[in-house]
Amino acid sequence: MTTHRPLACVILAAGKGTRMKSDMPKVLHRVAGRPMVGHVLAAVKALDPDHVVVVVGPGMDDVAAAVAPYPTAVQHEQRGTADAVHSAFGLLEGFSGDVVVLYGDTPLVTPDTLRAMVAARRQASDPAVVVLGMRPDDPAAYGRLILNARGGLEKIVEYLDATEDERKVGLCNAGLMAFDGARMFDLINRIGNANAKGEYYLTDVVQIARGDGMTCAVVEAAPAEVVGVNSRAELAEVEKLIQRRLRKAAMDNGATLTDPDTVTFSFDTKLGRDVIVGPHVVFAPGVVVGDRVEIKSFTHLEQVRIESGAQIGPYARLRPGAEIGPDVHIGNFVEVKNARIEAGAKVNHLTYIGDARVGAKANVGAGTITCNYDGYNKSLTDIGAGAFIGSNSSLVAPVKIGDGAIIGAGSVITTDVEADTLAVARGRQQAYSGWAKRFRERKQNEKAKKA
Ligand code: UD1
Ligand code: MG
């Protein structure tokens, strides 16, 4: 029987992210609808660690709130990545398991890669440090991993401190590291700041460990998994990569995307089997879609549940709290917010349904508006099963339309309508026989006289 070896994860998120030119901390910028640090936490969680510490800067309460209930350690001054890890020491006191250090700005890392790092740390050669490496097409300003003749890791040089020859090395530091906790505290305490930036570089740990005769190892990851975000352009690059991943997962799970490159998913989008998604559909966070649903082009969905067999769009907007029942049809230019549309109901054209229930098999005509807001309060509209709402009707909430009732087109309904009742609330039609013809003749005569 193997004994449980404890695991701790430290996520560095104290950097101000100056290059983002933002009032918001870098790690709160969203990728696929979730803050970057949330992606890192999700990957970490998959390893079921015994401790997680997120290192934040002073006053980053919003980051602390975003990562709760995980504890945060404050790095008071941005003195480099080694100093950032050092800030977490208080919360890890006496810990002697394995410690994985991650960056809050590297959100695409997968649990498999983290597992590979931990496994490499626990291999027989017992390396003090395992560094995650990558070989990007353009190594740019990444730190370089310098290997020794035996293929072990000898040192990491930051780009600014690297020689011409070292800069030619294609193997780069992705930033993530796994440590033997029993040796980590001492190694990091010995890191100095004699370098181009005058910072305490975590990367120096390798040389110090080697100096003591310890081994250090490298695990390689696909560059797309370890892109770090330092600018808005890199944020867009990471978004592109994660969308590619999410689209592939959707298709692998049995959805058809007719033009995958144009569909935008969120980290938590859930699609059933045989769902068809047209071009230019956006899934904001919180969308759950049942089996055999078709979502036509240019539809925008957020915090919505759609049950099986429903047809949505094109050009539909389903906002938070929309619950679309089985086999419902929601058509073009229809907006639904905080409303339950029950089985088989149809809301097909140019309509706003907010704070409402639409009963099973009801038919809501073109241009219907639920007037849910009087400038102060939101009120409910309740439409019964099988009701028929004529086109261009306004339903002034609070109001209840009974089962099977019919509302005449163009009505403004302000009081409840009983079941199976016809309600018409508009001016009665008048007809003046021959009036139009007489009108035209008079006007033509006047014109002729003038000429
Ligand atoms: C770092 C590595 C570099 C690697 C690159 C990969 C060091 C010295 N360099 O450079 O070798 O190729 O990542 O992306 O480690 N942070 C703090 N406190 C600090 C400084 C940084 O919490 O005082 C955090 C940042 O919020 C960020 C992470 O550490 O999440 C990395 O910092 P960053 O400044 O982006 O390092 P790079 O210059 O990208
Ligand atoms: Mg970085």
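Tyr103 has a polar side-chain atom 2.9 Å from an oxygen atom of ligand 1, a polar contact being a pair of N or O atoms within 3.5 Å. Thr81 also places a polar side-chain atom by the ligand, 2.8 Å from an oxygen atom of ligand 1. For Gly143, a backbone N or O atom lies 2.9 Å from an oxygen atom of ligand 1. The protein covers 90% of the 760 Å² of accessible area that ligand 1 has on its own, by the Shrake-Rupley method with a 1.4 Å probe.

A word on the basis. This is a predicted model, where local features need pLDDT of at least 70 and side-chain atom pairs count only at pLDDT 80 or more, while totals for chains, interfaces and linings use all residues. Residues are numbered from 1 along each chain as its sequence is written, chains are lettered from A and ligands numbered from 1 in the order written, and side-chain values use heavy atoms, without hydrogens and water.

Now the shell. There are 22 residues around ligand 1, and Gly15, Gln75, Thr81, Glu158 and Asn173 come nearest; a residue is near if one of its heavy atoms lies within 4 Å.

Finally, the chain. The protein chain has nine helices and 33 strands, taken as DSSP runs, with helices H or I of at least four residues and strands E of at least two. Its radius of gyration, over C-alpha atoms, is 31 Å, well over the 22 Å that the globule rule (2.2 Å times the number of residues to the power 0.38) gives for 451 residues, so the protein chain is more spread out than a compact globule. The C-alpha trace spans about 105 × 70 × 40 Å along its principal axes.

Terms used:
Polar contact = N/O pair within 3.5 Å; in protein donor to acceptor, adjacent residues only side chain to side chain.
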